[in-house]
Amino acid sequence: MTKIYSAEKRALIFIQSKATPQFWDEHWECDDLHNQITACTDSWFVSFLKKYLPNEKGLILEGGCGIGQMVHAFKCQGYNAVGIDFAGETIKRVKAAVPDLDVRLGDIRNLPFRDGEIAGYWSFGVIEHFWEGYEKIIDEMKRVIRNGGYLFITFPYMSPLRKCKVSLGLYNRDVDNCETDKFYQFALDYNKVIFDLKAIGFTFVEKVPFDGVKGFKDEVKVSKPLLQKIYDGKILQRYRATIDKLLKPFASHMMLLVMQRSC
């Protein structure tokens, strides 16, 4: 994987494979899809639904749901959950594996929901995969989320570690020769994402960086042999949470933002 820093976009560009529907169909293919989906009955993310939308009976949407594990987890926790994804073969396989799971083929830039129909919208690592930007995605988020409803959005971000590497000149900056046909994702500036969401009618509620082990191992090559084994659960698994807690303030790979639609 190649990383290029764009000062104009205030983002780190990851060049690997273009994140097309076909890419995700291959990425999510597995032998025992039923068990992989149904094994997910709860999660750290569910705690945010319980915190901000307790006893909610309205619709909870995961936009870009993949194989629907989190849709299943939300459903298991008593929420009325639906998933949308543009990877057609994946949606077919999920429907065959878990027929009662509500997952649908669709485009997060043109959602099949009425204005204000969604109580809570989850977006797990989606907005960063669009070279043209996320404006159409967040406009649809605003349209379908009800007034007072919540957006929970995660994405790779410019952590303090990544910003330090930028200041030290440790990333390639040759954006003009960037192979956009192999563009995979951005690591975004979370302040810019907040600014853009505020501009269309959201209020900032909370931010939570997470996945410190991945963020550190991917950016500090000397640490990768050890941290990859911890990340994969092969060694020191009992200490992973502690190690992650130590690393995530400055090295987290991902950021979770909680935003509320205010107008």
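**View 1. Cys 65 and the cysteines of the predicted model.** Cys 65 is buried, at a relative accessible area of 6%; buried here means under 20% relative accessible area, exposed over 50% and partly exposed in between, with a 1.4 Å probe and protein chains only. Cys 164, at 38% relative accessibility, is partly exposed. A disulfide is counted where a pair of cysteine sulfur atoms lies within 2.5 Å, and the count comes to zero. Cys 65 accordingly belongs to no disulfide, and the nearest cysteine sulfur, that of Cys 40, is 13 Å away. The model is predicted: local features need pLDDT of at least 70, side-chain atom pairs count only at pLDDT 80 or more, and totals for chains, interfaces and linings use all residues. Residues are numbered from 1 along each chain as its sequence is written, and side-chain values use heavy atoms, leaving out hydrogens and water.

**View 2. The two sides of helix α11.** Helix α11 spans residues 240–251, and its buried residues include Asp 244, Leu 247 and Ala 251. These residues lie on the same side of α11 because they cover an arc of only 85° around the axis, the arc being that of the directions from the helix axis to the C-beta atoms. An α-helix has 3.6 residues a turn, so residues three or four places apart point the same way. On the other side of α11, Ala 241, Lys 245, Leu 246 and Pro 249 are exposed. The cover over the buried residues of α11 includes α7 (160–167), α9 (212–219) and α10 (224–231). Helices (H or I, at least four residues) and strands (E, at least two) are DSSP runs, numbered from the N terminus.

**View 3. Leu 151 in the largest nonpolar core.** A nonpolar core is a set of buried Ala, Val, Leu, Ile, Met, Phe, Trp, Tyr and Cys residues joined through side-chain atoms within 4.5 Å. The largest has 38 residues, of which Phe 113, Tyr 121, Ile 127, Met 141, Leu 151 and Phe 155 touch the most other members. Leaving aside residues up to four places away in sequence, the contacts of Leu 151 include Tyr 121, Met 141, Leu 197 and Val 258, where contact means heavy atoms within 4.5 Å. A second, separate core of 34 residues includes Tyr 52, Ile 60, Ala 119 and Phe 124.

**View 4. The setting of the close-ups.** The secondary structure of the protein comes to 11 helices and 10 strands. Of its 263 residues, 51% count as buried.
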